[in-house]
Amino acid sequence: MKKTWWKESVVYQIYPRSFNDTNGDGIGDLKGITEKLDYLKDLGVNVIWLSPVYKSPNDDNGYDISDYQDIMDEFGTIEDWEELLAEMHKRGLKLIMDLVVNHSSDEHAWFVESKKSKDNPYRDYYIWRPGKDGKEPNNWESAFSGSAWQYDEQTDEYFLHLFSKKQPDLNWENPKVRQEVYNMMSWWLDKGIDGFRMDVINFISKVPGLPDAPNPEGKRYVGGGEYFINGPRIHEFLHEMNKEVLSKYDVLTVGEMPGAKVEDAQLYTGDDREELNMVFTFEHVDLDSGPNGKWDLKPLNLVDLKENVTKWQKGLHEAGWNSLYLNNHDQPRMVSRFGNDKEYRVESAKMLATFLHMLQGTPYVYQGEEIGMTNIRFESIDEYKDIEILNMYKEKVIEGNEDHDKVMESIYVKGRDNARTPVQWDDSEHAGFTTGEPWLTVNPNYKEINAKKAVADPNSVYNYYKELIRLRKNHEIIVYGEYDLILEDHPQIYSYTRSYNGEKLLVITNFSDKEVAFENPEIVQFNAEEVLISNYEVDFSKDVSSLTLRPYEARVYRGN
Ligand code: NOJ
């Protein structure tokens, strides 16, 4: 397998709005990030991904960009950004920027022009269609509720927006759009950035004709994903982007790809394909959703998780590359979702980290994860700020007749604001995030859970992450070893081996709050030499064929 720096990296994701505020406006900023670089360096990560920092009216917190080559006012200036990049590079940290080019903001100059008239030179930068039978051009639903089309009176046509109506989809069929995007990417790369995370990049090619989606239940609007997810020209576009831009730089690229299957990922990330380095799959974070989507809560079955993760580990070994994550700015906090954020918060956060960081792929740590931050429960819907939550609540409760309590419960479990509360730096007011009023209320548990305390405590989640990251740097097997699942039907234990050049790792994790017995199946030949890391005290013994695991226990043995 080809060795590269991005396979050996650990990425830290920053959601700048909630990271660290230095000017007291309650919103995180670039100077706030620069201020914390030593903290990140100490943690040991070597790549930082910034969620969007570009000019934006913030309908979707920066994922609606009105100028791709300037910085959002609340976050600072281009000089602040340049200083941040220089300070990062000085510390050997690489920077990857968010690339949001499935759509722009409706306040982007291209869209402002596009809207003016049907013969405006920018008209075809977006996807405009006349209505059909007095209604929208098709029945697709926006990811943020309601139709994916917005009517515009001026020209009596609709434009497509797969997300909010302030996020019109760019028309990738238009070669001029593609060239604009490539030029913009080169402009950032020439400033010295080290790669891109690409927002819903597998949505950019739509099926021509934009057909109605099948609608057996007669709903008002339906997903429509089959007509734009991994669409007909997607590989052509990504290959072109690679040829025109990416291949000229030594960069890390990761495509956010809802609806990508492992077979798709082989094509997106295969070494000889010249598209991307890796993708974010959604399959493992969809396992606790019912048939009606993310708000349709369903308990996670560990066996399903094992089956899914194994499919990706096996499917991309020597055939592509995995990215590894359990949470980000769109997902609830992992310790609340897959662990136990009360009695076993520390143990389960460490267990989940062990499970993830010992897999093959590039791990992503989302801000606050390294100190075991948890989900939030706001009493009132008015305290939430996320457009996805607010639109969904309006549709279901205010305009529909769903039960308020039931919908609030789904927000507590799945809402994106769970991950967006400000980072808890210390136990001072607003957790040291801001001296002003935070844009989103700080989680009240900050006196207990904060970075200052975690850094000082040798048994903290933070110091455990530090060790996991250090181990990855020192053991090639963690990066390159082959993965094999064991005990595939066990309902509480997730265990697997990694093998590389005659060496082996045995990873054992208990996903439950009970003691459980681990019996190593006889077919797994393993001679333990040492415990590499564990989240409880372990007396080393060479015999690991039969063990009792404590609640959320995690152990990694090295041997052969
Ligand atoms: C995925 C981003 O991660 C999410 O935050 C955003 O709302 C949508 N794409 C639309 O850009």
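**Ground rules**

I am working with a predicted model, where local features need pLDDT of at least 70 and side-chain atom pairs count only at pLDDT 80 or more, while totals for chains, interfaces and linings use all residues. Residues are numbered from 1 along each chain as its sequence is written, and side-chain values use heavy atoms, with hydrogens and water left out.

**Entry 1: the open sheet**

I started with the strands, which are DSSP runs of E with at least two residues, while helices are runs of H or I with at least four; both are numbered from the N terminus. I reminded myself that strands of a sheet pair through backbone hydrogen bonds, either parallel or antiparallel. Here, two strands pair if DSSP finds at least two bridges between them.

I found an open sheet of eight strands with parallel pairing, in the order S11-S10-S9-S5-S2-S1-S15-S14. Which strands stand at the edges? They are S11 (278-280) and S14, and each has a single partner strand, so one side of each is left without a neighbour in the sheet. I then looked at S10 (residues 252-256), which runs parallel to S11 and is joined to S11 by three bridges. In one of the pairs, Glu-256 has Phe-280 of S11 as its bridge partner.

**Entry 2: a hairpin**

Next I looked up S16 (residues 482-486) and S17 (residues 493-500), which pair in the antiparallel sense over five bridges. The two strands form a hairpin with six residues between them, and Leu-487 in the turn has a positive phi of about 50°. Leu-485 has Tyr-496 in S17 as its bridge partner.

**Entry 3: two loop residues**

I noted two non-glycine residues with positive phi. Ser-145 has a phi of about 75° and sits in the loop between S6 and S7 (149-152). Glu-318 has a phi of about 65°, and its place is in the loop between H8 and S14. Is Glu-318 buried (under 20% relative accessible area, with a 1.4 Å probe and protein chains only) or exposed (over 50%, with partly exposed in between)? At 55% relative accessibility, Glu-318 counts as exposed.

**Entry 4: one side of H4**

In helix H4 (residues 109-116), I found Trp-110, Phe-111 and Ser-114 buried. They cover an arc of only 90° around the axis, which puts them on the same side of H4; the arc is that of the directions from the helix axis to the C-beta atoms.

**Entry 5: the largest cavity**

A cavity is a set of points on a 1 Å grid over the protein atoms alone where a 1.4 Å probe fits but cannot get out, and lining residues have an atom within 4 Å of a point. Grid points are joined across faces, edges and corners, and a volume is the space filled by probe spheres set on the points.

I counted three cavities of 30 Å³ or more. The largest holds about 120 Å³ of space. Its lining has 14 residues, and Thr-281, His-284, Val-309, Ser-323 and Leu-324 lie nearest its centre. Which helix gives the largest share of this lining? H8 does, with four residues.

Notes
On a 1 Å grid over the protein atoms alone, a cavity is a set of points where a 1.4 Å probe fits but cannot get out, and a pocket is an open set with protein on both sides within 12 Å along at least five of seven lines; lining residues have an atom within 4 Å of a point.
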